[in-house]
Amino acid sequence: MPEIPSHFAIQLNGEQYTIEGDASLPALLERLKMRRGRVAVEINQAVVPRAQYDAVRLKPGDTVEVINFVGGG
Amino acid sequence: MEHEHFELAGKVFHSRLIVGTGKYRDFAETRAAVEASGAEIVTVAVRRVNIADRKSENLLDYIDPKRYQILPNTAGCYTVEEAVRTCRLAREVGVGDMVKLEVIGDQKTLFPDVPATIEAAKILVKEGFKVLPYVTDDPVACLRLAEIGCVAVMPLAAPIGSGMGIRNPFNLRIIIEQATVPVIVDAGVGTASDAAEAMELGSDGLLINSAIAGAKDPIAMARAMKLAIEAGRIAYLAGRIEQKLYATASSPLSGLIR
C-alpha cells in the first residue's frame, strides 16, 4: 500500500506533535526510537494490541499515549 | 528445604523476594541490586515515554524480561479506571499478565483504597490478568481479594517507604492463617530483621524496594534481604520454640559439682 504523505497534528503524551510523511504507527515509533517489546500504545483511550501495530494509521487530532517501564516498586 | 520452591500464578520460583526498581541512582545500580537480591520477580512502574528527551536506554535493557518475571505496578493510580487502564497498557508491552495492583486512597499515607482495589481487581481478573493486590493488613480485605481470584495478596507491613517494619504482626498472622493464596508482605520493611520476621510469621514472600534502594550500600542490603528471607523461611519451617516468661535451663540440672 503506497503511503500518502501527510502533515497533521496529534496529541502525543500530552503534548502537541506533528506527523509528517508516513502516518503509520510503526513509523511514529521508529521516529521516536521506540522499540517494540519496550513500549505500549493507546490511541484515543483504547489500547492498541501489539499484533495490530502495522495496520494502525494515525489520524488528525488523535490522542496518543506511548508508555514504557521505569523504575518503581 | 534447600530445594523448596514457591508457586505463584502457576509458575515456580525459587526466590521468595520480589524487588522493586525505584529510587536507584541509575539502571546499572538497579541491575546490580536485583542480581544481589536473587529475586526472580521484579516490579516496574508504567509511565509515559519522555518524548522531549529521548534516551534509547530502557529499564528492560538492564532487567531482561527473559530472565526475570516483570511485574508492572499501578503506583500513582487513585481510581479504578486509572489502575485498570495502566494494567491494560502494561500488558501490551508483552511481558506477561501479572500485575501489581495499587489503588491509592490517600497521598500522605499511600494507604490503599480497599473498596476501589477490590473493584479494580474484579475487572482485571475477568480480563485474564494475574492480579497481586497491595492492600492494608486487613484480614477481611485479604479474604475478599482471594475470593475474587487474585493470585496472591500483598498486605503492607507499614506505609510505603517508611521503613517502620511490621506494625501489626497479629493481623499478619491472621491473614496468613486464613490465606488460600500466597501472602506477600509488601511495603514498610526497613532492614533485614523485618524481612526475617515476616517470613517467620509464615509469609510466602516479601516485596521490597525502598529498604534496598535507599540503603547506603544497596547491593549489600539486597544480599542481606535475600539471606534474611531464606533464614526466616527456614526458621518458620523449623518451628520456633514457645515463648515463656521464665528461664528453662539448657544445661543438665544433675551432676553438678558441689
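This is a predicted model: local features need pLDDT of at least 70, side-chain atom pairs count only at pLDDT 80 or more; totals for chains, interfaces and linings use all residues.
**Exercise 1. Decide whether Glu102(B) is buried or exposed, then find its partners.**

Step 1: Find the residue. Glu102(B) sits in the loop that runs between strand S6 (98–101) and helix H4 (114–126) of chain B.

Step 2: Check its accessibility. The relative accessible area of Glu102(B) is 4%. Buried means under 20%, so Glu102(B) counts as buried.

Step 3: Look for a polar partner. The side chain of Glu102(B) makes a polar contact of 3.4 Å with the side chain of Lys100(B).

Step 4: Skip the neighbours within four places in sequence and see what else Glu102(B) touches. Its contacts then include Tyr134(B) and Ile160(B), as well as Gly73(A) from the other chain.

**Exercise 2. Describe the largest pocket: its space, its lining and the elements involved.**

Step 1: Get the volume. The largest pocket holds about 400 Å³ of space.

Step 2: Go to the lining. It has 27 residues, and those nearest the pocket's centre are Gly73(A), Lys23(B), Ile160(B), Asn209(B) and Ser210(B).

Step 3: Name the elements. Strand S4 (41–48), strand S10 (205–208) and helix H8 (210–213) of chain B each give two or more residues to this lining.

Step 4: Sort the lining by class. You get eleven nonpolar, eleven polar and five charged residues.

**Exercise 3. Find out how many cavities of 30 Å³ or more there are, and what lines the largest cavity.**

Step 1: Count. There is one cavity of 30 Å³ or more, and the largest cavity has a volume of about 60 Å³.

Step 2: List some lining residues. Among them are Pro139(B), Cys142(B), Ile175(B) and Gln178(B).

Step 3: Link them to elements. Helix H5 (139–147) and helix H6 (169–178) of chain B each give two or more residues, with H5(B) giving the most, four.

Step 4: Check the classes. Eight lining residues are nonpolar, two are polar and none is charged.

Terms used:
Residues are numbered from 1 along each chain as its sequence is written. Chains are lettered from A and ligands numbered from 1 in the order in which they are written. Side-chain values use heavy atoms; hydrogens and water are left out. On a 1 Å grid over the protein atoms alone, a cavity is a set of points where a 1.4 Å probe fits but cannot get out, and a pocket is an open set with protein on both sides within 12 Å along at least five of seven lines; lining residues have an atom within 4 Å of a point. Grid points are joined across faces, edges and corners, and a volume is the space filled by probe spheres set on the points. Ala, Val, Leu, Ile, Met, Phe, Trp, Tyr, Cys and Pro count as nonpolar, Asp, Glu, Lys and Arg as charged, and the others, Gly among them, as polar. Buried means under 20% relative accessible area, exposed over 50%, partly exposed in between (1.4 Å probe, protein chains only). A polar contact is a pair of N or O atoms within 3.5 Å; within protein, one must be able to donate a hydrogen and the other to accept it, and residues adjacent in sequence count only if both atoms are side-chain atoms. Contact means heavy atoms within 4.5 Å.
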